[in-house]
Amino acid sequence: MAFLTDEKLTIVGAAGMIGSNMAQTALMMKLSSNICLYDVFSPEGVAEEMRHCGFGEANIVATTDAKEAFTGAKYIVSSGGAPRKEGMTREDLLAGNANIAKELGQNIKTYCPDAKHVVIIFNPADITGLVTLLYSGLKPNQLSTLAALDSTRLQSALAKHFGIKQCEVKNCCTFGGHGEQMAVFASPVTIDGTPLLDIIGTGKEINGKTLSKEEWAEMQKAVTQGGSAIIKLRGRSSFQSPAYVAIEMIAAAMGGPEFYWPVGTYVNTEKYHHIMMAMPSRLTSDGTYCKAITGTEEEFAALDASYEHLCALRDQVIGMGVIPPVEEWKNINPNMR
């Protein structure tokens, strides 16, 4: 099996657990024969392990030098921020990771302004993605953030509840912020072909199980706290699931199968504007594009609240001086008017 491309893929934060898993997944999926592992802490140990795996056809470079890492990079995936610890929210990481995102964007603009696509993982991803996009100079459809984990967590929760395979739960969607204020939508979801809205609170059984309104509310809350649950279960933040899903995203941008889960994308409509957040989307080699969003009045109210929360975080970062006021963004990145 040939590699999907020979163009350079740079993995940022490669010395960490997410980064090292991304490296292995990208090589197993044969995405690129040209992979650079970058971290401020030496990722040479990760590179050596990849070589020990026998990925003999790939050129694997490890570096702590930003110029070497980003020069010529066409695709970038970054987990290069501080991880969450138990008791922390994604927003607790805001100040430090926002500055890391600024530096990442500046490195992209300086060393690889013709990069084709960037995927941002590190939290709070909606904000770090926005900051990276601003300083990178890239077009909005060339950068996406990891939001799909919330949707896969919803799919997992519903599959476990009804005792069915995850593939029998379709169109799981969470929109808005990648955090505890996300909007968990029921209206697009089907369970073994039956609309979820026809099941919640109706007594209708799927595989001998019903779903009450109270159980659905508890499930929604559990999905928004899925990352915290992993920390409690494993003693550390998620690394396997974000690594795998992020590599699926960059694979789609590199010409692989289209990525259908929601991604965080730059939104600039009359209602939601100058923000990164999860929306119905498609991600292909042409970039990320939003699709039409439908839902109930209650779901849109939740999305509006999530948007307002993200705007408050954005304004907090503006207040820190990490990014300028919205009206000045076009002076840094003309693509973000």
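**Entry 1: terms and ground rules.** I call a residue buried when its relative accessible area is under 20%, exposed when it is over 50%, and partly exposed in between (1.4 Å probe, protein chains only). My helices (H or I, at least four residues) and strands (E, at least two) are DSSP runs, numbered from the N terminus. The model is predicted, and local features need pLDDT of at least 70, side-chain atom pairs count only at pLDDT 80 or more, while totals for chains, interfaces and linings use all residues. Residues are numbered from 1 along each chain as its sequence is written, and side-chain values use heavy atoms, with hydrogens and water left out.

**Entry 2: helix α5.** I started with α5, which covers residues 125–136. How many of its residues are buried? I found 12 of 12, so to speak a mostly covered helix. Among the buried ones are A125, G129 and Y135. From first C-alpha to last, α5 reaches 16 Å, close to the 16 Å expected; the expected span is 1.5 Å times one less than the number of residues. Just after α5, I noted that G137 takes a positive phi of about 80°.

**Entry 3: α5 against α10.** Next I looked up how α5 packs with helix α10 (residues 297–320): the angle is about 50° and the axes are 10 Å apart. Axes here are lines fitted to C-alpha atoms, for helices over the stretch in contact, and angles run from 0 to 180 degrees between N-to-C directions. That makes α5 oblique to α10, since under 35 degrees counts as roughly parallel, over 145 as roughly antiparallel, 65 to 115 as roughly perpendicular and the rest as oblique. On the α5 side, D126, I127, L130 and V131 make the contact (heavy atoms within 4.5 Å). Their partners on α10 are L310, L313, R314 and V317.

**Entry 4: strands.** I then found an open, antiparallel sheet of three strands in the order β7-β10-β11; strands pair if DSSP finds at least two bridges between them. The edges are β7 (169–170) and β11 (194–195), each pairing on one side only. Two bridges join β7 to β10 (residues 190–191), and K170 stands opposite T190. Elsewhere I looked at β14 (residues 281–284) and β15 (residues 287–290), antiparallel strands joined by four bridges. They form a hairpin with two residues between them, and S281 has C290 as its bridge partner.
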